[in-house]
Amino acid sequence: MEIEEVKELADRCLSCAAKPCKSGCPLSNDITGFIKYIKNNEYRKAYELLLDTTVLQPICGRICPHKKQCEGSCIRGIKGESVSIGKLEAFIGDMAIKEGWKINTIKEKNNKKIAVVRRRTCWNNCK
Ligand code: SF4
């Protein structure tokens with residue numbers, strides 16, 4: 001995705017005070033905040049903000065059912081199309097991989113280990 005398209009998508013965000021998109025996210029990602037950083041061309045800060053609530057940011061951007069969660073709660077979606085939060089998140093994740101930005105872990109934050117458990121079926125009922 002070209003930067004111009006990313007900016008266009010980000011500019012559709014109204015920075016709602018109530019943050020319904022955040023409430024729709026199971027991880028409570030600061031969606032308004034990371035989109036604001038994208039608007040200001042501060043991509044690394046957008047990535048770091050997302051890392052506050054997820055250690056798998058580049059993956060979440062790809063596999064989360066955004067239409068059912070954050071995008072499904074977006075105010076813009078009431079009268080039209082919701083903000084493309086998933087595309088913006090995926091863009092930041094791709095940039096993080098390309099630039100080699102560090103993926104921090106929960107262990108680094110609280111000195112505890114975690115396990116990742118794979119569900120047998122995905123939210124979209126794929127096989
Ligand atoms: S609900 Fe939609 S428009 Fe409002 S802050 Fe969240 S992403 Fe932006």
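Which helices each supply at least two residues of the lining of the largest cavity? Helix 2 (20–24) and helix 3 (31–39) do.

## Basis of the report

The model is predicted, so local features need pLDDT of at least 70 and side-chain atom pairs count only at pLDDT 80 or more, while totals for chains, interfaces and linings use all residues. Residues are numbered from 1 along each chain as its sequence is written, and side-chain values use heavy atoms, with hydrogens and water left out.

## Overall fold

The protein has nine helices and zero strands. Helices (H or I, at least four residues) and strands (E, at least two) are DSSP runs, numbered from the N terminus. Along the sequence the pattern reads α-α-α-α-α-α-α-α-α.

The protein has 127 residues, and 38% of them are buried. Buried means under 20% relative accessible area, exposed means over 50%, and partly exposed lies in between, with a 1.4 Å probe and protein chains only.

## The largest cavity

Two cavities of 30 Å³ or more are counted. A cavity is a set of points, on a 1 Å grid over the protein atoms alone, where a 1.4 Å probe fits but cannot get out; its lining residues have an atom within 4 Å of a point. Grid points are joined across faces, edges and corners, and a volume is the space filled by probe spheres set on the points.

The largest cavity holds about 100 Å³ of space. Its lining has 14 residues, and Cys13, Cys16, Cys21, Cys74 and Val83 are the closest to its centre. Helix 3 contributes the most to this lining, with three residues. By class, the lining has 11 nonpolar, two polar and one charged residues. Here Ala, Val, Leu, Ile, Met, Phe, Trp, Tyr, Cys and Pro count as nonpolar, Asp, Glu, Lys and Arg as charged, and the others, Gly among them, as polar.

## The ligand

The ligand sits in the largest cavity, meaning that more than half of its atoms lie within 2 Å of the grid points. Around the ligand are Cys13, Leu14, Ser15, Cys16, Pro20, Cys21, Thr32, Cys74, Ile75, Val83 and Ile85, where a residue is near if one of its heavy atoms lies within 4 Å. This shell has nine nonpolar, two polar and no charged residues.

## The second largest cavity

The second largest cavity has about 60 Å³ of space. Cys25, Pro26, Leu27, Asn29, Cys60, Cys64, His66, Gln69, Cys70 and Glu89 line it. Six of these lining residues are nonpolar, three are polar and one is charged.

## Cysteines

There are zero disulfides in the structure, a disulfide being a pair of cysteine sulfur atoms within 2.5 Å. Cys64 is in no disulfide, since the nearest cysteine sulfur, that of Cys60, is 4.4 Å away. Cys64 counts as partly exposed because its relative accessible area is 21%. Cys16 is also partly exposed, because its relative accessible area is 25%.

## Two further residues

Ala17 lies in the loop between helix 1 (3–11) and helix 2. Ala17 is exposed because its relative accessible area is 76%. The C-alpha atoms of Ala17 and Thr32 are 8.8 Å apart, and the two residues are 15 residues apart in sequence.

Glu48 belongs to helix 4 (residues 43–51). Glu48 is partly exposed because its relative accessibility is 39%. The C-alpha atom of Glu48 is 9.7 Å from that of Ala96, which is 48 residues away along the chain.

Notes
On a 1 Å grid over the protein atoms alone, a cavity is a set of points where a 1.4 Å probe fits but cannot get out, and a pocket is an open set with protein on both sides within 12 Å along at least five of seven lines; lining residues have an atom within 4 Å of a point.
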